[in-house]
Amino acid sequence: MTSSTQTKITKNKGIIKSKPLVDLLVEKTNKKKELIQLKKAHQNEERQLELVDEIASIEKFLSKHRIQK
């Protein structure tokens, strides 16, 4: 591994503390609620796709970081 690759890996990983973690989880929950409402009403498919992408990015971020208790 080159040093630039190691730098990229360390920048993508880290530790999430409790307050920012809670904020992220609340944001994810709100987006999921909005997505469910839009799907039930069969409305605004463009917004639904945006929400799916945003939820996926939050999940990806959480999977790359450790959680500090």
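Modeller: Of the 69 residues in the protein chain, 19% are buried, where buried means under 20% relative accessible area, exposed means over 50%, and partly exposed lies in between (1.4 Å probe, protein chains only). This is a predicted model, in which local features need pLDDT of at least 70 and side-chain atom pairs count only at pLDDT 80 or more, while totals for chains, interfaces and linings use all residues. Residues are numbered from 1 along each chain as its sequence is written, and side-chain values use heavy atoms, with hydrogens and water left out.

The protein chain has three helices and two strands, in the order α-β-α-α-β from the N terminus. Helices (H or I, at least four residues) and strands (E, at least two) are DSSP runs, numbered from the N terminus. Among contacts between residues at least 6 apart in sequence, 66% join residues at least 24 apart; a contact means heavy atoms within 4.5 Å.

The part to look at is helix α2, residues 18-41. Its 24 residues should span 34 Å at 1.5 Å a residue, and its end C-alpha atoms are 35 Å apart, which agrees. The expected span is 1.5 Å times one less than the number of residues. The buried residues of α2 are Leu21, Leu24, Lys28, Lys31, Leu35 and Leu38. Their cover includes β1, α3 (45-64) and β2.

Two packed helices are described by the angle between their axes and the distance between the axes. For α2 and α3 the angle is about 155° and the axes are 10 Å apart. Axes here are lines fitted to C-alpha atoms, for helices over the stretch in contact, and angles run from 0 to 180 degrees between N-to-C directions. The angle therefore makes α2 roughly antiparallel to α3, since angles over 145 degrees count as roughly antiparallel, under 35 as roughly parallel, 65 to 115 as roughly perpendicular and the rest as oblique. The crossing of α2 and α3 is left-handed: the near helix is turned anticlockwise from the far one by less than a right angle, whereas clockwise would be right-handed.

On the α2 side, the residues making the contact include Leu21, Leu24, Lys28 and Leu35; on the α3 side they include Leu51, Ile55, Ile58 and Phe61. Lys28 of α2 is buried because its relative accessible area is 17%. Beyond its neighbours within four places in sequence, Lys28 contacts Ile55, Ile58 and Glu59.

The loop between α2 and α3 holds His42 and Asn44. Most residues other than glycine have a negative phi. His42, not a glycine, has a positive phi of about 55°, and Asn44, also not a glycine, has one of about 45°. His42 is exposed, at 70% relative accessible area, and Asn44 is partly exposed, at 47%.

The strands complete the surroundings. Ile16 sits in β1 (residues 14-16) and counts as buried because its relative accessibility is 6%. Not counting residues up to four places away in sequence, Ile16 touches Leu21, Phe61, Leu62, His65, Arg66, Ile67 and Gln68. Ile16 and Lys69 are 53 residues apart in sequence, yet their C-alpha atoms are 9.0 Å apart in space. His65 belongs to β2 (residues 65-67) and is buried, with a relative accessible area of 16%. The His65 side chain reaches the backbone oxygen of Phe61 at 2.7 Å.

Definitions and conventions. Polar contact = N/O pair within 3.5 Å; in protein donor to acceptor, adjacent residues only side chain to side chain.
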